[in-house]
Amino acid sequence: MTHFPICARRRSILAAMALLAAGLPAAGRAADATRGADLFDNYCGECHTTRAGGGSRSAPNLFGLMGRRTGTVEGFAYSDANRAAGWVWSPETLDTYLAAPKTAMPGTVMKFQGVKDPAERADIIAFLATLHG
Ligand code: HEC
């Protein structure tokens, strides 16, 4: 009888929810590795290198970071705090660390205040996840 079966209505509600989620800054929004690369250049690029086989500058090279233990880039003179942290770098550990490095890892010598915006952190982490062989 009805011209609008229930599934069509549900579809339009889902479409409206998807539009809403797209407008939200963090939750429900896909991380953007391309934007993350630009953010990385702005925030991290003066200290960190990311090329495969590239050396470290004033900061450890971040190629292959995901899944690596803290403080294990060969030849880089880490602080005791970074070397001894014993974490494995993952989206979760990076999110905590990048929000407030000195709080998450007391004693780190990384002179960086952190990235406050969760959406920016998610984009930077998505970019870092692309740095593998
Ligand atoms: C002013 C220079 C500087 C800036 C800016 C900076 N870092 Fe660092 N970062 C360092 C230094 C130095 C270390 C080593 C810290 C230590 O040994 O305590 C480090 C360590 C790290 C580590 C740990 C690496 C490992 O092998 O355990 C990660 C991950 C990291 N930085 C990511 C970032 C990201 C992502 C940004 C930008 C959002 C950033 N850093 C901005 C200097 C910097």
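Is Ala84 buried or exposed, and what is its relative accessible area?

A: Ala84 is exposed, with a relative accessible area of 64%. The cut-offs are these: under 20% relative accessible area is buried, over 50% is exposed, and anything in between is partly exposed (1.4 Å probe, protein chains only). This is a predicted model, in which local features need pLDDT of at least 70 and side-chain atom pairs count only at pLDDT 80 or more, while totals for chains, interfaces and linings use all residues. Residues are numbered from 1 along each chain as its sequence is written, and side-chain values use heavy atoms, with hydrogens and water left out.

Ala84 belongs to helix 3. A helix here is a DSSP run (H or I) of at least four residues and a strand is a run (E) of at least two, numbered from the N terminus. The chain has six helices and zero strands. Buried residues make up 32% of its 133 residues. Ala84 is 14 residues from Thr70 in sequence, and their C-alpha atoms are 7.6 Å apart.

Now to the ligand. It sits in the largest pocket. A pocket is an open set of points on a 1 Å grid over the protein atoms alone, where a 1.4 Å probe fits and protein lies on both sides within 12 Å along at least five of seven lines. A molecule sits in it if more than half of its atoms lie within 2 Å of its grid points. Of the 27 residues around the ligand, the nearest are Cys44, Cys47, His48, Ser79 and Met110; a residue is near if one of its heavy atoms lies within 4 Å. Helix 4 (residues 91-99) gives the most to this shell, with three residues.

The ligand contains an iron atom, and its protein donors are His48 (NE2) and Met110 (SD), at 2.0 to 2.1 Å. Donors are N, O and S atoms within 2.8 Å of the metal (3.2 Å for Na, K and Ca); water is not among the atoms, so sites may look incomplete. The arrangement is octahedral because the six donor atoms around the iron atom subtend angles of 84 to 178 degrees. His48 lies in the loop between helix 2 (33-43) and helix 3 (80-84), and Met110 in the loop between helix 5 (101-104) and helix 6 (118-128), so the pair ties together parts 62 residues apart in sequence. For six donors, octahedral requires opposite donors over 155 degrees apart and all others between 65 and 115. His48 and Met110 are both buried.

Oxygen atoms of the ligand lie 2.6 Å from a polar side-chain atom of Tyr78, 3.0 Å from a side-chain N or O atom of Trp89, and 2.9 Å from a polar backbone atom of Val109.

Thr108 lies in the loop between helix 5 and helix 6. Thr108 is buried, at 9% relative accessibility. A polar atom of the Thr108 side chain is 3.2 Å from the backbone nitrogen of Met110.

How values were computed: Tetrahedral: all angles 85-135°; square planar, octahedral: opposite > 155°, others 65-115°. Polar contact = N/O pair within 3.5 Å; in protein donor to acceptor, adjacent residues only side chain to side chain. 1 Å grid on protein atoms, 1.4 Å probe; cavity = no way out; pocket = protein on both sides within 12 Å on 5 of 7 lines; lining within 4 Å.
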